[in-house]
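This report covers the fold of one chain and its interface with a partner. Please look at the sequence and the model first.

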Amino acid sequence: VARLTPEKERALGDLLRRAQLGDQEAYDCLLRELAGLVRAFAARRSRALLSPEDLVQDVLLTVHRVRRTYDPARPLAPWFYAILQSRFADACRRQRRRARWEIQTDGSAFDLRSSISSAARHPRADEVAAALRDLPRVQRRIIRWLKLEDLSVREIAKRLRMREGAVKVAAHRGYEAIRRRLGVRQRS
Amino acid sequence: VKTELLIRQLVADARPTRVTRPVRTRLAWWVAVTAVVTAVPVGASILRGKGPGDSALATGFLGEAALTLIIALSAAFAALALSVPGRERPLITVPVPIVSYAVWLGWLVASVITIPVVTAGTWLAPPAARCAAHVLAASLPAGAWLAWLVREGAPLGARRTGVMTALAAGATGALATQLTCVNRAAPHILVWHAVPVFAIAAAGMLMGGLLITCRSRRAR
């Protein structure tokens, strides 16, 4: 922890006392000084913290919210470092929780432009529905049962009194027809 | 939001604030109001002939009353101290009420072990569950008043503060119940007086975030 010198601590305590009385100039000075202290604190823990500026803002917000709890007769350091430690622990906890669910990628792995263009290549749902409607009845039913109702090929064959191989061929032809209609290239 | 912009917004929002009263002042307020609120129904019950009677002077009764009083006072002090950043450091703050509660439980368990025959009837002897309900009812005003005083500060650890607040309230409820309960058997006190205090403290830990903390969503 970046320790405060006694003189600086007294000066900051005085600024906070004046801020409690509504002195905005003193408060501005105090927040800037405290932001510097938090940055110094975060710099020493750069490995644990991905976004030090988030910690700075979190601490400043907390100081603002709890500034009434500071007793001017007491030293400032224990009060301030209790807030700082608490917010740092929260930030680390938040970061761990996030890291558990998010996949970290570097900049090169994620190209926004290419991902947008690939999304644009995907046909819209109404276009797919229209293409499906244009299929022959048997092919349409097979694809609907396979893709929307999760029936197996065997179940569909039984329902339509067809051989399983024939169901597969009909489904394949249906997919081809939909691809042609939507102008989607077949994956090699 | 850029930090510079945030500072400007906070400075613009800086109005004069009322400084939080010291821990001792708030504790004195809690003791005074809780004593009055608890003493009235307890006194009325005693006047109606309920209570421990002659056994009130027994060492066990006085020792138990002293322990629950220590738990209530030390837990209330801890809750109020935890509501001021930087005041929670002294080691005495949190362990005293927990150790006192453990001593009370240990004492009761030791007393139960010395009983030669313990049957289901021993545990369920009247007034049984009515005592647990009384502990809860007596703890509610004490807990609500303490939570109000705690919220005057700004607790950073909601769970710890919640446990201490609820433990103080539960111990107050147990003390009030003890003064009006006719059953002095250790199994009864263990199950229907001491365990409800634990349950109340556990509930305080779970609900501490909701009731005690005054952190804004943004600050979280």
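## Surface and basis

Accessible areas come from the Shrake-Rupley method with a 1.4 Å probe; for residues, only the protein chains shown count as cover. By that method, chain A exposes about 12200 Å². Carbon and sulfur atoms supply 50% of that area.

This is a predicted model: local features need pLDDT of at least 70, side-chain atom pairs count only at pLDDT 80 or more, and totals for chains, interfaces and linings use all residues. Side-chain values use heavy atoms, with hydrogens and water left out, residues are numbered from 1 along each chain as its sequence is written, and chains are lettered from A and ligands numbered from 1 in the order in which they are written.

## Fold of chain A

Chain A has nine helices and zero strands. Helices (H or I, at least four residues) and strands (E, at least two) are DSSP runs, numbered from the N terminus. The order is α-α-α-α-α-α-α-α-α.

Chain A holds 188 residues, and 37% of them are buried. Buried means under 20% relative accessible area, exposed over 50%, partly exposed in between (1.4 Å probe, protein chains only). Contact means heavy atoms within 4.5 Å. Of the contacts in chain A with a separation of 6 or more, 61% join residues 24 or more positions apart.

## Helix α6

Which residues of α6 in chain A are buried? They are A:A130, A:A131 and A:L132, in a helix that spans residues 125-133. Their cover includes α7 (137-148) and α9 (164-182) of chain A.

## Interface with chain B

In chain A, 34 residues are in contact with 35 residues of chain B. The two chains bury about 2900 Å² between them, 57% of it on carbon and sulfur atoms. Buried area is the accessible area (1.4 Å probe) that two parts lose on being put together, summed over both. A:L61, A:R65 and A:R68 supply 21% of what chain A buries against chain B, more than any other three residues.

The rule finds one salt bridge across this interface. A salt bridge is a side-chain nitrogen of Lys or Arg within 4 Å of a carboxyl oxygen of Asp or Glu. A:R32 pairs with B:E4 in a salt bridge, the closest N and O atoms being 2.8 Å apart. On the chain A side, α1 (6-20), α2 (24-44), α3 (52-66) and α4 (76-101) each supply at least two residues. Helix α3(A) gives the most, with ten residues.
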